[in-house]
There are 2 protein chains.
Amino acid sequence: MDQDNVIGVIGGMGPYAGLDLVEKIFDQTQAVTDQEHLPVALLSYPERIDDRSAFLFGRSQTNPALAIAAILRRLEGAGAVVAGMPCNTAHAAPIYGCILEDLARTGHRIRLLHLIEETVGFVRATWPELGRIGVLSTVAVHHFRLYRDALERAGLEAVVPEAAVREQVVNPAIFDPAFGIKAQGNPPTARARQNLLDAIQHVKAAGAEAVILGCTELPLAVPEPTVDGLPMIDPAVALARALIQATYPEKLRPLG
Amino acid sequence: MDQDNVIGVIGGMGPYAGLDLVEKIFDQTQAVTDQEHLPVALLSYPERIDDRSAFLFGRSQTNPALAIAAILRRLEGAGAVVAGMPCNTAHAAPIYGCILEDLARTGHRIRLLHLIEETVGFVRATWPELGRIGVLSTVAVHHFRLYRDALERAGLEAVVPEAAVREQVVNPAIFDPAFGIKAQGNPPTARARQNLLDAIQHVKAAGAEAVILGCTELPLAVPEPTVDGLPMIDPAVALARALIQATYPEKLRPLG
């Protein structure tokens, strides 16, 4: 137990998204035996982390950053040197910045990777020839410009759906209580999937050459690597690979 | 972060079995929102835990119990009050007993549930009318009589396959490098599944009224709840339910 070089995962936002990231870390590792797999710690404490959107939109005064920072300190105690957080919304600056400040204030050194920055870096490294990247996300992630700003900083053009498609096609595919993926995710409903395929065609028609599935629920309904020739980009895969690269780069499975 | 009543999971034996147990804890929880899910800590440190069978059969002098006990102390540090370990072989007395001794020696209070005892308890509580329980397992788990002794202590009869079936049908379905589930688990091969269906018919013909799938790999190839009228019992489900019962009994999903 001396050589600590553990990969940390902050779960609970939601619980299954935390599991999905851990599974992708295992899947992206070159390993044949149990012992060749990498050390991973998952702390899934959902009841401690208040709703991210409620805070960002002013419906709650509790910044979930403090609870997240406390979990990061626990991960450090379990040996983690780097961590990831599979929740797009928690990367909005009012939350993410406050996590980093709280860690610095308490003198902790665990490094928190940034899901959105890692996704954009993954797109550039994997498809250097592409310039116009579609983004499907919740209304909250759109509102806070998370993928748009990161893509633009990287010199890429973000292709987002028009307001009517964001609000009446993509968002219901995630949140609708009757057919949305949060309510019926295993398996997702045909209607949720069709909504997303329609939105993919919509951003393709607007010039997108690849599509970021910028909400942890979306890859459940669109699991295929390409749709109609466009690469589908799962941020959890990008984050999993970045976590391996940060700890055991020699174990990273080549992209295939 | 004050009220610690975390469920701990010792992963890494193998890594995907640890994930599977966490997923079953989530699945067996009554929860609609993220925040209603239970706090779970998974520490998957596979490189620290030496091969269980190698120690039990004298091919290695390193008892994996000490590494497992160290991980349990880490889980306690992350707030866990109870833990489970989804690896049948690690419950053989020379390992399991040594874990408990090491925890007692160092004054730690985290409670380690026993996968096999919980499985037998689950069988008795769920199907009180059944008396003869089939057991499919690795040769190692058979050799150490883990399920047989626990069933007999509970007043149940264990129905195990004959030696030829254990060694030439069940064990290859798990370990064969060409078609076994450890080598090809996602999805399992048709041959591995057929071997297991044959073994189920074999113990049914010998009088089994239900079958314990006593190796974490087996439910991957036989996921259905019943085969030819016989309940298939997944020890990970029994352990997941016992972990919830030990911490948040009011959140346990009723059996459906």
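**View 1. The interface between chain B and chain A.** In this predicted model, 39 residues of chain B are in contact (heavy atoms within 4.5 Å) with 39 residues of chain A. The two chains bury about 3300 Å² between them, 55% of it on carbon and sulfur atoms; buried area is the accessible area (1.4 Å probe) that two parts lose on being put together, summed over both.

**View 2. The side of chain B that touches chain A.** Helix H1 (15–27), strand S2 (40–44) and helix H3 (65–77) of chain B each supply at least two residues to this side; helices (H or I, at least four residues) and strands (E, at least two) are DSSP runs, numbered from the N terminus. H1(B) gives the largest share, 7 residues.

**View 3. Pairing of strand S2 of chain A with S2(B).** Strand S2 (residues 40–44) of chain A and S2(B) run antiparallel and are joined by 5 bridges, where pairing requires at least two bridges found by DSSP. Within this pairing, Ser44(A) stands opposite Val40(B).

**Conventions.** Residues are numbered from 1 along each chain as its sequence is written, and chains are lettered from A in the order in which they are written. Local features need pLDDT of at least 70, side-chain atom pairs count only at pLDDT 80 or more, and totals for chains, interfaces and linings use all residues, while side-chain values use heavy atoms, with hydrogens and water left out.
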